[in-house]
Amino acid sequence: MASGRILIVDDDTNICELLRLYIEKEGYEASIANDGETALKMFDSFGPDLLLLDIMLPGLDGWQVCREIRKKSSCPIIMLTAKGEVFDKVLGLELGADDYVVKPFETKEVIARIGAVLRRSGKQSEDKSENKEVHYENLSINLTNYELKVKGVQVDTPPKEMELIYHLASNPNRVFTRDQLLDEVWGFDYYGDSRTVDVHVKRLREKLEGASDKWALKTVWGVGYKFEVKE
């Protein structure tokens with residue numbers, strides 16, 4: 001059985017109760033908020049391990065809720081949205097969302113994505129026999145614990161950004177296309193486009209800026225990205 005706390009945020013009570021039924025059947029503890037203000041209050045009181053967050057909410061919308069939570073926490077967030085436009089996906093990723101489920105959805109898909117995101121974020125127990133770490137000057141990436149340290153200071157980093165920087169830094173000077181990164185980091189079941197990668201790289205560069213002149217997250221124009229290490 002799975003374990004962990006899931007906060008469901010949606011103004012459709014039927015969707016909320018359906019999700020809670022399936023989520024609790026899997027062994028998670030679930031709680032519901034039907035608007036943005038309540039979601040922020042419950043985030044502090046309930047202490048969820050993951051949010052299922054609808055975009056279209058009364059009062060504070062999902063974008064605003066995501067933005068406020070990212071100011072204080074890297075808790076994984078899966079956005080629920082009836083909008084499938086790339087613009088909406090890119091905006092959500094810029095604000096720090098970890099994954100998307102587009103309505104109407106299959107409940108089993110939501111459960112599968114919850115499990116996948118929690119495993120990536122280290123919120124669920126898994127085999128820790130392989131210690132996934134890479135180190136460079138003023139940079140420490142620990143994918144086992146999902147910790148990023150820049151100049152010795154831990155930087156709050158959403159799970160997908162952690163996986164992306166780990167993947168690149170584990171293969172120094174190797175060039176990856178955007179499609180390769182989508183496949184190898186996001187997985188074959190990710191329904192996004194290449195701009196998803198660009199958004200995450202942009203956010204990582206902001207965190208890594210000025211850390212060292214011996215390595216850099218580089219754009220290879222017309223191809224993709226690489227973690228460049230100077231000999």
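Which residues form a nonpolar patch on the surface? L18, L21 and Y22 do, with about 280 Å² of accessible area together. Such patches are made of residues with over 30% relative accessible area and no salt bridge, with nonpolar side chains (Val, Leu, Ile, Met, Phe, Trp, Tyr) joined within 5 Å and like charges within 9 Å. A salt bridge is a side-chain nitrogen of Lys or Arg within 4 Å of a carboxyl oxygen of Asp or Glu. Accessible areas follow the Shrake-Rupley method with a 1.4 Å probe, and for residues only the protein chains shown count as cover.

The model is predicted: local features need pLDDT of at least 70 and side-chain atom pairs pLDDT 80 or more, while totals for chains, interfaces and linings use all residues. Residues are numbered from 1 along each chain as its sequence is written, and side-chain values use heavy atoms, leaving out hydrogens and water.

**The chain as a whole**

The protein chain has eight helices and 12 strands. These are DSSP runs numbered from the N terminus (helices: H or I, at least four residues; strands: E, at least two). Of the 231 residues in the protein chain, 50% are buried; buried means under 20% relative accessible area, exposed over 50%, and partly exposed in between (1.4 Å probe, protein chains only). The accessible surface of the protein chain comes to about 11300 Å², and 47% of that surface belongs to carbon and sulfur atoms.

**Aromatic rings**

A search of the whole structure finds two aromatic pairs, listed below.

| Pair | Class | Centre to centre | Angle between planes |
|---|---|---|---|
| Y136 and F227 | tilted | 4.9 Å | 45° |
| W215 and F227 | stacked | 5.4 Å | 20° |

Rings of Phe, Tyr and Trp (its six-membered ring) pair if their centres lie within 6.5 Å; planes under 30 degrees apart count as stacked, over 60 as edge-to-face and the rest as tilted. Y136 in strand β6 (residues 133-136) and F227 in strand β12 (residues 224-229) are 91 residues apart, so their pair links distant parts of the chain. W215 lies in strand β11 (residues 215-220), so its pair with F227 ties together parts that are 12 residues apart in sequence. F227 is buried, with a relative accessible area of 0%, and W215 counts as buried at 6%, whereas Y136 is partly exposed at 22%. Y136, W215 and F227 form one aromatic cluster.
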